[in-house]
Amino acid sequence: QVQLVESGGGLVQAGGSLRLSCTASGRTFSTDDVGWFRQAPGKEREFVASISWGGGDKYYAESVEGRFTISRDNTKSMVALQMNTLKPEDTAVYFCTIVKSAFGKEPLGSWGQGTQVTVSS
């Protein structure tokens, strides 16, 4: 059973950048598609970005397209989410998990603790 751990969150001013990391323990996830999701206070968890196991296919929510970039390094069992031009509405707890497919975005794995991202105006 692979466990994914998120890190890299923090407090940043609007317009700033953060880089989130998702690492695996238990087993490698180099053959799994992985997605990032987020949940803001009082809102449902929503899809942010996903990447195929080989890194060739990437998908983004419309709200982050052009600002966020998902990438992975399978040699390190790591998936990253580079977030630029952050907005206050990006404030949320960010989670990573294995998805059924990068295109379908259906989460398959369990949810970890997530990492808090707070963007001040």
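A: Two strands pair if DSSP finds at least two bridges between them. Strands (E, at least two residues) and helices (H or I, at least four) are DSSP runs, numbered from the N terminus. The model here is predicted: local features need pLDDT of at least 70, side-chain atom pairs count only at pLDDT 80 or more, and totals for chains, interfaces and linings use all residues. Residues are numbered from 1 along each chain as its sequence is written, and side-chain values use heavy atoms, with hydrogens and water left out.

Q: How many helices and strands does the protein chain have?

A: The protein chain has zero helices and ten strands. Its pattern along the sequence is β-β-β-β-β-β-β-β-β-β. The radius of gyration of the protein chain is 13 Å, close to the 14 Å that the globule rule gives for 121 residues, so the chain is as compact as a globular protein of that length. That radius is taken over C-alpha atoms, and the rule is 2.2 Å times the number of residues to the power 0.38. Along the principal axes, the C-alpha atoms of the protein chain fill a box of roughly 40 × 25 × 25 Å.

Q: Which strands pair with E3?

A: Strand E1 (residues 3-7) is joined to strand E3 (residues 18-25) by five bridges, and the two run antiparallel. Within this pairing, Val5 stands opposite Thr23 in E3. E3 also pairs with strand E8 (residues 78-83), in the antiparallel sense, over six bridges. There, Leu20 stands opposite Leu81 in E8.

Q: And what are the partners of E4?

A: E4 runs antiparallel to E9, with seven bridges joining the two. Val34 has Ile98 in E9 as its bridge partner. E4 is also joined by five bridges to strand E5 (residues 46-51), again antiparallel. In that pair, Gly35 has Ser50 of E5 as its bridge partner. The hairpin of E4 and E5 has six residues between the strands, and Gly42 takes a positive phi near 75 degrees in this hairpin.

Q: How much of the protein chain counts as buried?

A: Buried means under 20% relative accessible area, exposed means over 50%, and partly exposed lies in between (1.4 Å probe, protein chains only). Of the 121 residues of the protein chain, 43% are buried. Strand E4 (residues 33-39) is mostly covered, with six of its seven residues buried.

Q: Is Glu62 buried or exposed?

A: Glu62 has a relative accessible area of 77%, so this residue is exposed. Its place is the loop between strand E6 (58-60) and strand E7 (68-73).

Q: Which residues does Val12 contact, beyond its neighbours within four places in sequence?

A: Contact means heavy atoms within 4.5 Å. Val12, in strand E2 (residues 10-13), is in contact with Ser17, Leu18, Leu86, Thr118, Val119 and Ser120, leaving aside those neighbours. Val12 has a relative accessible area of 14% and is therefore buried. The C-alpha atoms of Val12 and Ser121 are separated by 9.1 Å, although the two residues are 109 apart along the chain. For the protein chain, 55% of contacts between residues at least 6 apart in sequence join residues at least 24 apart.

Q: Where does Gly112 lie, and what does Gly112 touch?

A: Gly112 lies in the loop between E9 and E10. Not counting residues up to four places away in sequence, Gly112 touches Glu6 and Phe95. Gly112 and Phe95 are 17 residues apart in sequence and 6.9 Å apart in space, C-alpha to C-alpha. The relative accessibility of Gly112 is 28%, so this residue counts as partly exposed.

Q: What is phi for Ser77 and for Lys105?

A: Most residues other than glycine have a negative phi. Ser77 has a positive phi, near 50 degrees. Ser77 lies in the loop between E7 and E8 and, at 14% relative accessibility, counts as buried. Lys105 also has a positive phi, near 65 degrees. This residue is found in the loop between strand E9 (92-99) and strand E10 (115-120), and its relative accessible area of 24% makes Lys105 partly exposed.
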